[in-house]
Amino acid sequence: MAPTTTQNDGYPEKFPLPATDVKDGAIDPPEYTGVDTSGVDPKKVLLKMDLHLIPMLALLYLLSFLDRGNIGNARIEGLVDSLHMTGPQYNWCLTVFFFTYCLFEVPSNLLLKRLRPSIWLPSIMVAWGTVMTLMGIVQDFKGLLIARLFLGVTEAGLYPGVAYYITMWYCRTEAQFRQAMFFSAASVAGAFSGLLAFAIAKMDGVGGYEGWRWIFILEGILTVLVAIIAFFTIYDFPETAKFLTETERAWVVHRLRYQGSKDSGQMVAESEHFKWKYVRDAFTDWQIYLGLWMYWGIVCPLYGTSLFLPSIIRELGYTSSTAQLLTVPIYITAAVLAVAVAWFSDRSGQRSPYIFTCMCAIGIGFIICIGASAHGGVPGVVYAGIFIAVCGIYPAFPGNVTWISNNLAGSYKRSAGMAIHIGVGNLAGAMASNFYRATDSPKYLLGHGLELGFLAVGLCAVVGLRWNYKRINGKRDQMPLGEYSDAENSEKGDRAPTYRYVL
């Protein structure tokens, strides 16, 4: 019997409940029995999910971003001089992180569902916290370089894993707000990093260690402690969530499975089986590679500012402690804007207009930085330019990740596709690590100019993605229903004629 529909987003009022079969951490496609979900309160269920999922995810990512970027804080507290490093050697230590980070993202995302999020995410967290702690006792350039390589290996699975994890719980029109809530933790990490580094640096000489060493040691130990808690506080899948009732689980699972086709007139469930074909489909999908240019246009400025912002502010004539503290209002404002923009984007069901507008703000910020730096003698204007740029970066980033994830169908294709998009996209970090050279201080005109160049290409990619999505949706609207069976459409994923892309 065909399911009756309600006015609630076009989803069926009666959903079949899956008989959960967990093997090696994977949820097999369900067998169905009828369950009436008409009494489910969507707002109540979403609030339950938010309260149980988002706080821990935000804390994990805050610590990840804190541990990844604290080398910038350690630098202005004397790391380079203490290890007798040159400017290029320091940049290499930043760069090599992204090589291993990129390499291990796809296998990590595929393992996430097989090994279960509650095991995999805390495990890699313990690993990177240990590496971070050991970074505090390195004695030379080679030691720091090797430590950064292993930090990339251990941190690789966190962000793409959490971004994918959110898509296993929230529908397409709800995802960016949740992505922004946990990603805004990166903004808070930027602010918290400056405050924490300022305080920890006062431990200079304690135990015979310099202040910058204590930044790594204490933040690494904190990460391990939180990871131990995470083993007991991360939930795996909606099918096994004990904080939801049986009816609520049925409602959550089935609206997720039918979300891509609900506007086509033919409801088709997304595939949940693992096949290597879905991984190959992800590697050959045009939208991921066009989306990479959008990603680079946002992430080059993101990493450039997170790694070098304290140094840039210090070069403007402020002391190290003032430079640390001046980063705080920038990141706090960016966090608020990221959540606000995401809320409006989810409400409208649109991604590209908000991403494009935020990227234009990034461009305005860097143009101000270039003009003020070239003129010289106006550090406040340079600071204002950086402020505007960062306030565009942090709302744009969750929008960019959510948009691509919205348009990948099939659980494992989405898993691989998001990892490719984020993994290869994070090579921008390797590039941005070398944009701000010591020889270019204090104006950093080359760095600001390169960020602006990547941004311009990214804006073109946003336009290209929207145009292609709209064109394909229009063609599919003209196609007759029933040309393929439900099983065939499920196998095709986002390439099925029943699937509609989010614009």
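Start by selecting Arg213, which sits in helix 9, residues 211-233 (helices are DSSP runs of H or I with at least four residues, strands are E runs of at least two, numbered from the N terminus). You're looking at a predicted model, where local features need pLDDT of at least 70, side-chain atom pairs count only at pLDDT 80 or more, and totals for chains, interfaces and linings use all residues. Residues are numbered from 1 along each chain as its sequence is written, and side-chain values use heavy atoms, with hydrogens and water left out.

Is Arg213 buried or exposed? It counts as buried because its relative accessibility is 4% (buried is under 20% relative accessible area, exposed over 50%, partly exposed in between, with a 1.4 Å probe and protein chains only).

Now show what surrounds Arg213. Skipping neighbours within four places in sequence, Arg213 is in contact with Ser82, Leu83, Gly136, Ile137, Val138 and Gln139 (contact: heavy atoms within 4.5 Å).

Next, pick the cysteines Cys300 and Cys369. Cys300 has 0% relative accessibility, so it counts as buried; Cys369, at 1%, counts as buried too.

Finally, zoom out to the whole protein chain. It has 19 helices and 4 strands, and 59% of its 503 residues count as buried. Among contacts with a separation of 6 or more, 80% come from residues 24 or more positions apart.
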